[in-house]
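I set out to look up the nonpolar core and the salt bridges of this model. My entries are below the display.

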Amino acid sequence: MSGAEVSSAELTRSSVFRIAWPIILANAAVPLLGIADTAVIGHVGTTSALGAIALGALIFSFVYWSFGFLRMGTTGFVAQADGAGEPAEVRAVLGRALLLAALIGMLLLLLQWPIARLAWAIFSASPEVEGEAAQYFAARIWGAPAALGTFALMGTLIGLGKSRQLLVLQLLLNGLNIALDVTFAGVLGWGVRGIGLGTAVAEWVTLLAAFWTVRRTLLAQRGDGEDFWPKARILDRVRLAEMFKANADIMIRTLFLLAGFAWFTDRSAKFGDTNLAANHVLLELVSFAAFFLDGYAFAAESLVGRAVGARSRRRFDAAALRSSELALLTSCALAAACWFGGELAVQSLTSIVEVRRMAASLVPLAALYILLSFAAFQLDGIFVGATRTRQMRNASVLSMCVFVGASWPMMQRFGNRGLWFAFIGYVVVRAVSLAAYLPGLRRSIDDRSDCSEAGSLLT
């Protein structure tokens, strides 16, 4: 069912959850890529090989995070075109995103040597680790165009509300990657180069599967009489400018988010190895909670985008309300689980007594962060769906500045706990900053919804 056919009366908590749960599982499957690489090389490789995998994976994580706008930007524009009942524009949005992904992917291939040199200059490592990491990088970089193209295709599926297909593709990527890791590194003995090659091959196969899935979905919706790839629409200068502007905003927003977590890690190291390790363990719990909260944020992206495309303020309200209710309930449950089970989780993640003791004393702060973070996740989803990327960029920049400014006096007064207080304030400021823009966003929707939807929001 297209977004144009969904009314606010039909939008229930269960319908939002049906969109969210496959995304939650897909998100939870993402770390399996790194775990599989580490597990295989950890059994058949050396210490330097294990370090090389960690370093190489960190570099690709940063690169792919930087170009995450290919997923988020595509989702918002696709959802709006679907909500407006314009299947040709949905295909045009995907075409523009795939062209951009191909361009960036080719640039990464052409610039792989300077990128690698820059990475080795930033991340200090032993000559042995650097040498093996270079082999991993040289093999895996050939999968970059496929990975970026898959971002655009998965963004299209989310925009259309096809989250189950997203889960299938994520499981394909992980399953194939594990099988190829075992084959190339374990059976054939190709070491870290085999790990990188296996991941690259899995990314290309997933790209083809994702393209086939999305094409079949779009063909089923086709009925506009235009070519499958409407070239005039794809190359429309106004739409291209909108895409580049939105993607630039999202990229800046993402880089500032990465800078926030990097600042937290860097400041943690100032308190010594024990505090650094304890904070890292607790960040794993925070990341686990993010898998769940992201599911509702992604659902909001799709539902809000289609509401904006349909110019229905009632559907916008329903999408924001229903997804946020579930996100709030989930964050409460996750925070309670962290509060009461956090110490047990810490014990499962480390056997170092000092780290266990330090992390256990900070569990309540991690639980508070999880509880309050849902608002930032949800508002991100709402603004992505509405493609109000300037506001997201501004909120990210402001919250980072407040975080850095507040962390100095807080750390001087309360030490590592002060850093956590500032970190919690960081996610709250992000949410408050976006919330300040929300009334204006809602007013900007030219409400042309059917009057029969009136009064249905709270049903």
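The entries cover method, core and salt bridges in turn.

Method. I worked on a predicted model, in which local features need pLDDT of at least 70, side-chain atom pairs count only at pLDDT 80 or more, and totals for chains, interfaces and linings use all residues. Residues are numbered from 1 along each chain as its sequence is written, and side-chain values use heavy atoms, with hydrogens and water left out.

Core. Of its 125 residues, Leu282, Ile382 and Phe403 touch the most other members. Helix H13 (residues 273-309) contributes the most, with 16 residues; helices are DSSP runs of H or I, at least four residues, numbered from the N terminus.

Salt bridges. I found 14 of them, each a side-chain nitrogen of Lys or Arg within 4 Å of a carboxyl oxygen of Asp or Glu.

Arg13 pairs with Glu325, their closest N and O atoms being 2.8 Å apart. This pair links helix H1 (residues 13-29) to helix H14 (residues 313-349), 312 residues apart.

I next checked Asp380 and Arg430, whose side chains meet at 2.6 Å, N to O. Asp380 lies in helix H15 (residues 353-385) and Arg430 in helix H17 (residues 416-444), so the pair ties together parts 50 residues apart in sequence. Asp380 is buried at 10% relative accessible area, and Arg430 is buried at 11%; buried means under 20%, with a 1.4 Å probe and protein chains only.

Lastly, I noted a salt-bridge network that links Glu89, Arg96, Glu226, Arg233 and Arg239.

Terms used: A nonpolar core is a set of buried Ala, Val, Leu, Ile, Met, Phe, Trp, Tyr and Cys residues joined through side-chain atoms within 4.5 Å. Buried means under 20% relative accessible area, exposed over 50%, partly exposed in between (1.4 Å probe, protein chains only). Helices (H or I, at least four residues) and strands (E, at least two) are DSSP runs, numbered from the N terminus.
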